Amino acid sequence: MNEMAGDLFRRNRPFNQLDGFYTDWSRHLTERCLPTLRDFPTDAKNEAVLGDIHSYYDTLNHYANKNTILYFLLPSWRSNSLETPILLLGDINPRLFTSLVQSFIDDVGLSQDPIRTFSTLAAWEDLSLQLENTINGTVSRLLDETREAQDGFIRRFSDKWVSSFRGSQSGTVIMETATSVTTDEEGGGAAIMEELVRIFREANQLRKSVITDIAGVLNMNQKVLFLESVCKLLSGFKHQDKAFQNSLFGYNLINQQLPPDDDNLFKPLHPSEEVNAHPNYPRPMVQNYAPPFPPDAHQFFRPFAPSGEVIDAHQNFHPPMMEQQYAPLPPPPPPMAQHQQHAPEEDHVIYIGNLAPWATAGLLYQRFSCYPSVRIAKICGDETGSYGYGFVSFADEREKTHAMKAMNRQIFLDREMYVGLAAKNSI
């Protein structure tokens, strides 16, 4: 484990590879630390895992500076909003570590600790009160200091933005203004970034000390369970897309019926248009009147696209969540073999460049699923595996045109997408 950990925590990593650091850290926890704890645990193995956790926070502190601090405080890959309540200043709230121990002691922890490893822990009572006071005081102070720094940034941004405002280029001016504030030495903007770096590092030190203090009052078996739970938490934030989409909440959230961008939700179907819909139409969540005709199939709850090279909007349609409203229609024909699937001739395709090597068709499909008529996503890559590109097809030409403008240069998996018109309207 030491050899792999040494490479993981090296200090010469280019900043543009730090997202890969989070990925490697999650893999290290899953493939090295957790098996080590489960396989004949010893005090030496516990200390090795604890040392890796310390090195993780030390590495983050090493790379945090006034130019990178916003990336650490708000890492773009933490896209699941459900993570927010248990995060604090870029990583896990230290209160969660004390709650883990208390959960093992309480009856609620019996399922995870059937042999009552935590049945006796007298030293915990005094330590838990001490840690509670320390965490409450430090966290409150750090949040106040963060708020003050943010208020200072906003004041400086407002002054600069108003003085340089040009109505026809307001979007560009906003980005230029934010950058100028972060680099402004005389105006205090750079000092604000340095203050955020200090706050971030102190939060990491608090996390390290809480974990260390807890481990110090545990015996070997208790420490194994505690460190195992910490490793699972730390590794559980990265690459959980598939687990999230398969969860009950993930299904409900992904398939929420959102208000349409225009008035096409209840447009009547033209008699010449072919209806290709699932036999059970779910009813919209908010509806004040009955539409004269069933809406287009792609306007309703959409199934989350599975991972794979080609994603079709009609595959893996989930059962309806609400009462059937319309008369059943003939089901769609069964999909062809994957190598035979093609977008129909009338589809409208865009090109997506500068994709990360780990991008999948499923994730690309999800990124463009805000457009109801999106049909197929496909990923391609170069021979070296250093970058990828892909294609997304739409049934609606207007949505394709809008996507080309709105999604160009947007961030996807920490890279800026280059969106343009594809050479042909088929994938």
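User: Leaving aside neighbours within four places in sequence, which residues is E145 in contact with?

Analyst: Contact means heavy atoms within 4.5 Å. With the neighbours up to four places away set aside, E145 is in contact with E195, R198 and I199. This is a predicted model, in which local features need pLDDT of at least 70 and side-chain atom pairs count only at pLDDT 80 or more, while totals for chains, interfaces and linings use all residues. Residues are numbered from 1 along each chain as its sequence is written, and side-chain values use heavy atoms, with hydrogens and water left out.

User: In which element does E145 lie, and does E145 count as buried or exposed?

Analyst: Elements are DSSP runs numbered from the N terminus: helices are H or I with at least four residues, strands are E with at least two. E145 lies in helix α6, residues 122-164. For accessibility, buried means under 20% relative accessible area, exposed over 50%, and partly exposed in between (1.4 Å probe, protein chains only). E145 counts as buried because its relative accessibility is 19%.

User: How many helices and strands does the chain have, and what share of its residues is buried?

Analyst: The chain has 13 helices and nine strands. Of its 427 residues, 42% are buried. Taking contacts between residues at least 6 apart in sequence, 72% join residues at least 24 apart.

User: Which residues does L50 touch, not counting those up to four places away in sequence?

Analyst: L50, in helix α3, touches I211, A215 and L227. L50 and A215 are 165 residues apart along the chain, and their C-alpha atoms are separated by 8.6 Å. The relative accessibility of L50 is 6%, so L50 counts as buried.

User: At what angle do α2 and α3 pack?

Analyst: Such angles run from 0 to 180 degrees between N-to-C directions, and the axes are lines fitted to C-alpha atoms, for helices over the stretch in contact. For α2 and α3 the angle is about 170°, and the axes are 10 Å apart. The pair is therefore roughly antiparallel. The cut-offs are under 35 degrees for roughly parallel, over 145 for roughly antiparallel and 65 to 115 for roughly perpendicular, with the rest oblique.

User: Which residues of α2 and α3 meet?

Analyst: From α2 the residues are L18, F21, Y22, W25, H28, C33, T36 and L37, and from α3 they are K45, N46, V49, D52, I53, Y56, T59, L60 and Y63. By class, this contact has eleven nonpolar, four polar and two charged residues. Nonpolar covers Ala, Val, Leu, Ile, Met, Phe, Trp, Tyr, Cys and Pro; charged covers Asp, Glu, Lys and Arg; the others, Gly among them, are polar.

User: How many bridges join β4 to β6, and how many join β4 to β9?

Analyst: Two strands pair if DSSP finds at least two bridges between them. Six bridges join β4 to β6 (residues 388-394), and the two run antiparallel. I350 has V392 as its bridge partner in β6, and L355 stands opposite G388. β4 also pairs with β9 (residues 418-421) over four bridges, in the antiparallel sense; there G353 is partnered by Y418. Six of the eight residues of β4 are buried.

User: Which other strand pairs with β6, and how many residues of β6 are buried?

Analyst: Strand β5 (residues 374-381) pairs with β6 over seven bridges in the antiparallel sense, with S393 the bridge partner of I376. Five of the seven residues of β6 are buried, so β6 is largely enclosed by the rest of the structure.

User: How many disulfides does a search of the whole structure find?

Analyst: A disulfide is a covalent bond between the sulfur atoms of two cysteines; the test here is a pair of cysteine sulfur atoms within 2.5 Å. The search finds zero disulfides. For C33, the nearest cysteine sulfur is that of C231, 4.9 Å away. C33 counts as buried at 0% relative accessibility, whereas C370 counts as partly exposed at 47%.
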